[in-house]
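Student: I would like to learn how to read the features of a protein model. Could you take me through some of them?

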Amino acid sequence: MPISNSYPSGIPIEDADLFVGTKAYNNRTVNYTAQGVADYLNINSKVSIGGQMSFQFVTVPNIAKTIAFDGGGGNNTAFSAITKLIVSAVDASTANITIFLNYLNNSQVLLSEQNQPNFFGHYKITGYTQIGTSAFYELDLEFIGGNGTIIDKQYYDLISFVLSAETSPTEWGTITGDIEDQTDLINYISSQIPTPMLVALPFTTDHITATGNQYVVGDVVWYLGNVYRCIASNDSLLPTNTLYWTNLGSGYPLVQQPADWNATSGNNQILNKPTIPTTPTWQETLDVDFGVSNIVTTPFYYDDGVIKNSNDVFGVRTEQLTGDLLFTSVAQGQITVANGSSGKSTSIDYDYGIKFYKLISSSAKSTYIKADNVINNNVIFQLPNKITGDYTLATLNDITTPLTTKGDLYTFSTVDTRLPVGLDTQVLIADSTTATGLKWGTNTAATPTGYYAMYQDVLTQTVAVINTGYPINFRTLDFSNGVTVVSNSRITFANTGIYNLQFSVQLENSDTQEHDVTIWLRKNGVDVVGSAGFVAVVSKHGGINGHVLPSWNYLLDVVAGEYYELVWSATSTQVTMPFIAGGSPPPSTASAIFTVTQQAGIMAGTGITALNSLTGSAQTLVANESGADFNISSVGTTHTFNLPTASATNRGALSSTDWSTFNNKQNTLSYIPYKFIQTSATAHTGTVAETIIATATINGGAFNSSDIMKVLYRVTKPTTLATAVMRIKINTTNTLVGATQIAIVNLIAANAYGLMNRNFVLQGGNLSGYNFSSAVPLDIAVANTAGSSTTYNTANTLYMFFTIQLGNIADSVTPNLFNITN
C-alpha cells in the first residue's frame, strides 16, 4: 500500500469523493461520500455555529425536529408569502431551543436552505405562541427580504441575523466652547444626544390567571422609578424578579385620570363638550289685575310671558287672589271662567297666545262676557300647560297578552288574538277567510327533486401505519339535501332509497418506488364484501412526486338512518392524500371529493308530503284504547289509532270478557242453570298428602235457595298398592285451609275405579246432605244415621275442592270427571 504522503494534495473536494471510515457498531471499514459527511454535520448541527438551529421542512405539521405550516401543505411556497411557521421545540440535533426562541422574539432571523443558500427568507419574529401544552410553537413572521421557495423534505437553518446598514448622520447643530481634544468632542456629542424617555403604566398585583389578566411576554410596566418588560408570563410577580422581567431603564409612570363631566379645569375636565339643551320648564301661573273701573276697549294677548296691547290697565300680581272670577277648565281654543260664588260659568275663545276680552261682573252673583263693560274683580289666569296628579309608568308586567305557548303569534281580529304555533315545517300563509287573516299551512314552494350531497376535504390526509384502514374525511360541505356527513367521515342518509355514490381522491407518492393504495366501502361500521379496489401510485420521478387520481362509484340500497364510509390503506407511509394549494394556472386540489344522488325511492318534493299533517320521512302507526270513541292521534312521527273498549259511556270494541258474558246469556229461559264440567286432570302420584286435583268457583247468585246441587266426582286407580281417599270440600276462600268436608269415599287397594255421586239441598242459608263424614259413594238411607249441614250464603262466592289422598307414594290416580249442576 503506498505511503499516504505520496498521494496528490491540494485537490478540491467534490460531492462524490470518498472517505474511508469504520462503522462503530461492527468495526467494518466503509466508504463515506463528501456529500454524506456534510449532510450529517449540517443536519445534526455537529459543527457549532452560534445561534444556528436546523430543521427539516415537511408538509405535515407537529413532527419533532421539523418546521411546517399550520394545517400542513405549502410545498414550493415563496419565502415572501410566509407569515407563520409551526416550529418544533427541538431542532435536528435534538437540542431544546425554547429559551432561545423566547430570546429571539421581536428580533430578526434568517431562514436559509442548507444546500442552496440562494434560497432564503429574512424575517422579524413579531410573536410566538405555544400550541396548547405541546412541544410546538407558532411563530408570527414579518417578511423583510429573500429569494426562492421553501421545499418539502429539505433542511433549513434558522439563525439570528441583522443586516449592517448605514444610518443617517446625526444633526448636531453648532458646537460652541473650547474643544481641546477628542475626548471633549465625544463628551460634548454624547451630551447632545437626547435620552429616550421610558413611560409605562404602573405595576399592579391584580394581573393573575384567575381573572384572565395574567402578565404575558412583552408587557411593559413602571415600578419604583424603572420600566420593565415581561420575559415570562406570571401572576403579578415583582418586576425585580429577573426570571420574569428585564429592566429597560429608568422611566416615568403613565397616569390614568377619571373624566369629570362637570369639571372646568384640571386633568379631569372634558374638553370640547357638546352643548346639551336644557329641559323646558313649565309655564308658571300668571296673575292679572284688571283694575276696578277701567273700561277695556281692545283685546289683550299673552304670548311668551309678556302681556301685549294692555293700554296700561293691567298689572302683574305676585300672589294669587281669590275673587269672583276664576279659571275652572281649559279646552283647546277655549277658556272657561266661572263665578266662585254663584257657580255660573261661561267660555272665552282664544286664537293667538291667550286672548282675553272684556269681562264684567254686574253683581256679586253673576259673571258673563259682554263688550264695552268694566271688570271690577281680580281674575287669575293659569296657563294650561302643567300636568298635575299622580301617574304610573306602565311596564311589561302590566300588559296583558293572549299568548300562552312557545311559538304563539300575537295577531288581531276584532281584538288582540292568539294564533297558536303551527306544526313542524308548516309556514305562515295569508288567508282573508280566517278571523286574523293568517293561518298555518304546508309549504307549496317547489323543492329540489331527489336527495343529494357534495362534500370535499381541504386538508392533507395520511396513514400512520401501513396496510391499516383509515376512514377518508370529508370536512367541507358544498351542498346537500337529505344527506349529511357525521363525525367527518360518515355519509349519513335521512331517507330510504337507491343512491349513487361517486368519489375521487388525490394520491401522492414521495418515494422512488411505486406503492399500492386500497379503497373500499364500509356500511354502519362493517366492511362491505367485494367493495375494495387497488390503485398503484407511481414513484417519484425527475424530482417530482408521483400522482394519481382514482375514482369510481357504488350503487347503494339505503334504509333511512344508515351511514357509509370510504376507507383507504397504503403499503407505505410516504403515500399521502394531499391538499394542494392553488398555483398558476391551476386552482387548488381537494384531497378527497364525493357526490351522492338519489336514483329511486320517494324523491324529495314528489309524492305524499304529509300524512295527517305530519311530514316526517319515517312515520309509525300504533294501536291504543284511549278516548270514548274511535279516534286517530298524530303527534311527531306517530299516528295512534284509538279503539276504546265498549262500555256504558264508551263507543268501541267489545272485550273478550264481555263477549263471553253476552254469548252465554240465555234470555229466553226464566231459569239460569249452573254447570261445571271438567273431564280430565293431571294424573296424581308421588305423595301421600291430601292434594287438590280440581277446583270449581261457584259465583254468588249461581244457585238459589231451595236448589238441589248435584255433584259427581270420578277417578281411575290403575295401581292397587294401598287405600286412597276421595274428598269434596268447600270454603269461602280459595284455600284448603279451613275448608269444610261435605263428602268422602275410600278406595281400597283392590278398587280400580272410584265414583262419588252426591245431592245437596240449599235451604235456609245452609248446605245439607248425607252425613259428611260417612265414606259412601252415593246418598243412601241408613237407619239411625243423621244428615249433615254447613252454612252457605248463595249470594257469596263458594270454592269447591276435589281432593285425593294416596296411601302409598308409588300408587297413582287419574281423575276423569268433575261435574256440578243444579
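**Salt bridges, sheets and backbone**

Tutor: Gladly! Asp 629 and Arg 651 form a salt bridge, with their closest N and O atoms 3.0 Å apart. This pair ties together distant parts of the chain, 22 residues apart: Asp 629 sits in the loop between strand E46 (620-624) and strand E47 (631-635), and Arg 651 in the loop between strand E48 (638-642) and helix H4 (656-663). Keep in mind that this is a predicted model.

Student: How many salt bridges does a search of the whole structure find?

Tutor: The search finds 10. One of them joins the side chains of Lys 729 and Glu 690, at 3.2 Å from N to O. Here too distant parts of the chain are linked, 39 residues apart: Lys 729 is in strand E53, while Glu 690 is in the loop between strand E50 (684-685) and E51. Lys 729 is buried because its relative accessible area is 13%, and Glu 690, with 24%, is partly exposed. Arg 522 and Asp 527 also meet through their side chains in a salt bridge, at 2.7 Å from N to O. Arg 522 counts as buried because its relative accessibility is 17%, whereas Asp 527 at 41% counts as partly exposed.

Student: You mentioned E53. How do I read a sheet?

Tutor: Start with the strand order, then look at the pairing. E53 belongs to an open sheet of four strands, ordered E51-E58-E53-E54 and paired antiparallel. Strand E51 (691-698) and strand E54 (740-747) are its edges, since each pairs on one side only. On average, and ignoring direction, neighbouring strands of this sheet are turned by 15 degrees against each other. Strand E53 (residues 724-731) and E54 are antiparallel and share seven bridges; Ile 730, for example, has Thr 740 in E54 as its bridge partner.

Student: Which strands make the closed barrel?

Tutor: The barrel has seven strands, running E3-E4-E6-E9-E8-E7-E11 with mixed pairing. Its neighbouring strands are turned by 40 degrees against each other on average, direction ignored. Strand E3 (residues 52-57) and strand E11 (residues 155-160) run antiparallel and are joined by five bridges. Within that pairing, Met 53 has Leu 158 of E11 as its bridge partner.

Student: What should I look for in the backbone?

Tutor: Most residues other than glycine have a negative phi, and most peptide bonds are trans, so the exceptions deserve a look. Lys 65 has a positive phi of about 70 degrees; this residue lies in the loop between E3 and strand E4 (66-68). Asn 467 also has a positive phi, near 55 degrees, and its place is the loop between strand E31 (452-457) and strand E32 (470-471). The peptide bond from Ser 584 to Pro 585 is cis, with omega near 10 degrees.

Student: And which residues make the nonpolar surface patch?

Tutor: Met 197, Val 199, Leu 201, Tyr 252 and Leu 254 make a patch of about 490 Å². Met 197 is in the loop between helix H3 (182-192) and strand E12 (198-200), and counts as exposed because its relative accessibility is 62%.

Notes. Residues are numbered from 1 along each chain as its sequence is written. This is a predicted model: local features need pLDDT of at least 70, side-chain atom pairs count only at pLDDT 80 or more; totals for chains, interfaces and linings use all residues. Side-chain values use heavy atoms; hydrogens and water are left out. Patches are made of residues with over 30% relative accessible area and no salt bridge: like charges are joined within 9 Å, nonpolar side chains (Val, Leu, Ile, Met, Phe, Trp, Tyr) within 5 Å. Accessible areas come from the Shrake-Rupley method with a 1.4 Å probe; for residues, only the protein chains shown count as cover. A salt bridge is a side-chain nitrogen of Lys or Arg within 4 Å of a carboxyl oxygen of Asp or Glu. Helices (H or I, at least four residues) and strands (E, at least two) are DSSP runs, numbered from the N terminus. Buried means under 20% relative accessible area, exposed over 50%, partly exposed in between (1.4 Å probe, protein chains only). Two strands pair if DSSP finds at least two bridges between them. Axes are lines fitted to C-alpha atoms, for helices over the stretch in contact, and angles run from 0 to 180 degrees between N-to-C directions.
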